[in-house]
Amino acid sequence: MTQQEPLSMPLEEAMRTQRAIRRLKPDPVDDALILHLLELAMKAPTGSNAQNWEFIVVKDREVVAKLGRLTRTAMKFVGPAYERALRRRPDHKMQRVLKAVRWQVDHFDDIPVVVVACLRGVVPPVPRIAASSAYGSIYPAVQNLLLAARAAGLGAALITMPLWSTLLARRALGLPLTVTPCAVIPMGWPIGKYGPTTRRPVGELVSLDRYGNRAFL
């Protein structure tokens, strides 16, 4: 594998233009690039510096297809909820999101690389703080991975539909009971372009000292 050059995109540019890219070309992605991005992902902090993560890079077409079947099964249940939400709020942006999600579901088997982020150990459902602490040791790394993918020009998105059944996901990936899948990141060269994201003004969502005190408006 060839040595990868350091990513040169400024961090703020990557953060301002990062978005969920679901429409991906089937073109292959070099292993060296994926490993470079995962190395950057694993620069993220973990609780007690445990570094208790595991990443499965899925390229085998049969395994990708298994994850695709899990995704389509989940979509049978999630899809109607999307439709009901859209009927209540006929938002053009939501329509675009739904179309992109459906495109990804329909073309999942063609995605060149699927990264599954996992934690060693069992994530306890209760108490809630225990689950929050556990996921706090994987999601910073996932965000690093998404930002690194953006800086490299790759499309990526964090999804969880393939994990609707942890049992079936474990079977598809050959995971032992001591490893918990937490997030799925399909990756590839994007169809279309990245662009600046639109978000609500920060003052509308930030409170000072107590909830609802919109002091920064």
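This note goes through the aromatic rings and the pockets of a predicted model.

1. Ground rules. In this predicted model, local features need pLDDT of at least 70 and side-chain atom pairs count only at pLDDT 80 or more, while totals for chains, interfaces and linings use all residues. Residues are numbered from 1 along each chain as its sequence is written, and side-chain values use heavy atoms, with hydrogens and water left out.

2. Aromatic pairs. A pair of aromatic rings is described by the distance of the centres and the angle of the planes. Here, rings of Phe, Tyr and Trp (its six-membered ring) pair if their centres lie within 6.5 Å; planes under 30 degrees apart are stacked, over 60 edge-to-face, and the rest tilted. The whole structure holds two such pairs. Trp53 and Phe55 make a tilted one, with 6.4 Å from centre to centre and 45° between the planes.

3. The second pair. Tyr135 and Tyr139 have ring centres 6.0 Å apart and planes at 50°, so this pair is tilted.

4. Buried or exposed? Buried means under 20% relative accessible area, exposed over 50%, and partly exposed in between (1.4 Å probe, protein chains only). Trp53 is buried, at 6%. Phe55 is buried too, at 15%. Tyr135 is partly exposed, at 30%, and Tyr139 is partly exposed, at 29%.

5. A charge over a ring. This label needs NZ of Lys or CZ of Arg within 6 Å of the ring centre and within 35 degrees of the ring normal. The charged end of Arg150 sits over the ring of Tyr194, 4.0 Å from its centre.

6. The largest pocket. A pocket is an open set of points on a 1 Å grid over the protein atoms alone, where a 1.4 Å probe fits, with protein on both sides within 12 Å along at least five of seven lines; lining residues have an atom within 4 Å of a point. The largest pocket has a volume of about 740 Å³, the space filled by probe spheres set on the points. Its lining has 18 residues, and Arg19, Ala20, Arg96, Val97 and Thr197 are the closest to its centre. Seven lining residues are nonpolar, four polar and seven charged.

7. The second largest pocket. Its space is about 160 Å³. Helix H6 (139-152) and helix H1 (11-17) each supply at least two lining residues; a helix is a DSSP run (H or I) of at least four residues. H6 gives the most, with four. The lining has nine nonpolar residues, one polar and no charged. Among the lining residues are Leu7, Met9, Leu40 and Asn144.

Definitions and conventions
Ala, Val, Leu, Ile, Met, Phe, Trp, Tyr, Cys and Pro count as nonpolar, Asp, Glu, Lys and Arg as charged, and the others, Gly among them, as polar.
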